[in-house]
Amino acid sequence: MPSLLGIAYHFFLQIAVILVTYRLLWPLFRRLGQVQVVAIMVAGFLLGPSVLGWIWPAAQQWLFPTKLTLGAETFTHPNLTVIYVVGQLGLVLYMFLVGASFKLDILASHTRQAGATSIAGIGVPLILGGVVGWWMVSVGGYFTDKVAHWQGGLFLAAAVAITAFPMLAWIVCDSGLLNTRLGTMSLSCAAVDDACSWVLLATVVSTAKGSMLGALVAIGGGLVFLMFMMYIGRPLLARLETWTPRRADTERTGGIPIAHLSVILLVVLTASWFTDIVGIYSVFGAFVAGLMMPRGSLLELIRERFEPLTAYLLLPAFFIYSGLNTQLNLILDGPTLLMAAIVLVVSFVAKFGAVGLAARWQGMSWYEAGSMGALANARGLMELILLNIGFEAGLISGKLYTILALMTIITTFAATPLQRLFGRRLEKSGSRFGPDGVERRTEVPAPSTSAS
């Protein structure tokens with residue numbers, strides 16, 4: 001059994017390797033039109049058994065051990081547990097920052113369009129994913145024996161319907177779309193579709209255990225939490241902007257008052273705990289907590305201080321944890337590769353086509369509607385979370401985990417370049433994405449070179 005000190009310094013090495021790998025990948029990914037979070041996600045995949053484990057198995061198993069054998073018993077390795085916990089903390093803090101960045105004023109003026117695209121983004125994947133999932137159960141080898149046909153259909157429907165709003169938020173910020181109708185509506189649709197996907201997942205997990213209670217608790221608990229935060233939590237949190245911090249406190253924390261910071265962290269962690277307990281996952285509690293925070297200088301300061309540490313130190317641990325569960329050797333046969341191709345096509349068409357056409361039907365231009373459809377395919381974080389829950393609950397096999405993990409990487413990888421293609425076409429027409437949709441650019445006249 002490794003000592004506590006041994007676990008600690010091995011974890012430091014693991015995080016250092018993840019960061020070095022990501023930094024080596026980033027120059028290439030930047031030339032490919034990607035955002036940094038995609039490079040971090042792929043770094044986690046490369047360090048898992050599918051790539052590093054194939055090239056140098058002994059090094060991969062030493063660097064990222066997953067099992068510990070003591071006598072006749074096999075346990076989860078303590079370092080894997082540490083990686084998991086740190087990754088979850090990174091997810092929670094990042095989702096709080098996403099909620100804190102959400103532009104409620106832009107969303108309020110485009111509620112109808114956001115609602116219609118959200119319905120399309122969950123409805124079409126529910127149908128197409130459900131059919132493929134039902135078929136997978138019949139074929140065998142993708143779901144475990146305790147999963148019925150309809151449960152397999154719901155699980156795959158949830159996997160296809162997801163748009164990862166943590167990943168999407170990163171893409172929106174890096175692409176300069178945060179203050180636009182496109183960015184705000186994309187994030188709002190992702191939030192609604194992901195919430196529906198988690199309800200579907202809770203239904204599958206609960207019924208696989210022989211009870212619908214879990215699904216009812218997830219729905220009821222989620223609604224109670226949202227109402228509480230809106231009508232009780234939000235007015236109380238608004239007082240944070242009226243408190244006057246002591247000068248000594250702000251100097252020790254780089255401008256953030258200690259009392260305010262303590263309250264905010266308490267709210268975020270408690271909200272995450274509650275939503276995890278009721279079955280809709282901790283990231284939604286953190287997101288809602290950020291959403292309800294009063295906008296102002298305090299929140300801007302917290303975002304500025306927290307984001308680098310969260311995004312580039314804590315969050316990468318989640319990606320390596322997911323990479324360790326992905327094994328390409330499980331799908332390297334003809335029928336499984338064909339199934340993987342079918343899942344990829346269905347996943348891409350169900351989101352890009354459904355969301356894009358719904359956005360166009362709501363009056364958006366083809367450029368904005370196409371961008372909406374492209375961004376909807378950024379599954380990233382949330383898809384990997386769903387896969388980990390399904391795998392740990394004994395619902396899916398390693399084969400299906402790998403298929404869906406590959407689908408996640410490919411669709412997320414395609415999201416940013418495709419969206420930027422629509423953006424470049426729009427710019428060539430003399431327009432750009434703005435708070436109220438597509439707007440004409442105002443050209444700044446070149447300064448005169450003639451003498452006055």
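In this predicted model, the side chains of Glu-304 and Arg-305 meet in a salt bridge with 3.1 Å from N to O, where a salt bridge is a side-chain nitrogen of Lys or Arg within 4 Å of a carboxyl oxygen of Asp or Glu. Glu-304 has a relative accessibility of 53% and counts as exposed, while Arg-305, at 38%, is partly exposed; in these terms, buried means under 20% relative accessible area, exposed means over 50%, and partly exposed lies in between, with a 1.4 Å probe and protein chains only. Local features here need a pLDDT of at least 70 and side-chain atom pairs count only at pLDDT 80 or more, while totals for chains, interfaces and linings use all residues. Residues are numbered from 1 along each chain as its sequence is written, and side-chain values use heavy atoms, with hydrogens and water left out.

By this rule the count of salt bridges comes to three. Another of them joins Glu-300 to Arg-303, with the closest N and O atoms 2.9 Å apart. Both of these residues lie in helix 15, which covers residues 297–314, and they are three residues apart, about one turn of the helix; helices (H or I, at least four residues) are DSSP runs, numbered from the N terminus. An α-helix has 3.6 residues a turn, so residues three or four places apart point the same way. Within this pair, Glu-300 is partly exposed at 42% relative accessibility, whereas Arg-303 is buried at 15%.

The salt bridge between Glu-368 and Arg-181 has a distance of 2.6 Å from N to O. Because Glu-368 lies in helix 18 (residues 366–375) and Arg-181 in helix 10 (residues 181–208), the pair ties together parts that are 187 residues apart in sequence. Glu-368 is buried, with a relative accessibility of 1%, and Arg-181 is buried as well, at 10%.

We can now turn to the way two helices pack. Helix 1 (residues 4–31) and helix 2 (residues 36–46) pack at an angle of about 125 degrees, and their axes are 8 Å apart, the axes being lines fitted to C-alpha atoms over the stretch in contact, with angles running from 0 to 180 degrees between N-to-C directions. That angle makes helix 1 oblique to helix 2, because angles under 35 degrees count as roughly parallel, over 145 as roughly antiparallel, 65 to 115 as roughly perpendicular, and the rest as oblique. Residues of helix 1 including Ile-18, Leu-25, Trp-26 and Phe-29 meet residues of helix 2 that include Val-38, Ile-40, Val-42 and Leu-46, where contact means heavy atoms within 4.5 Å.

Leu-330 lies in the loop between helix 16 (316–323) and helix 17 (334–361), and at 31% relative accessibility Leu-330 counts as partly exposed. Leaving aside its neighbours within four places in sequence, Leu-330 is in contact with Thr-336, Gly-398, Lys-399 and Thr-402. The C-alpha atoms of Leu-330 and Gly-398 are separated by 7.2 Å, although these two residues are 68 residues apart along the chain.
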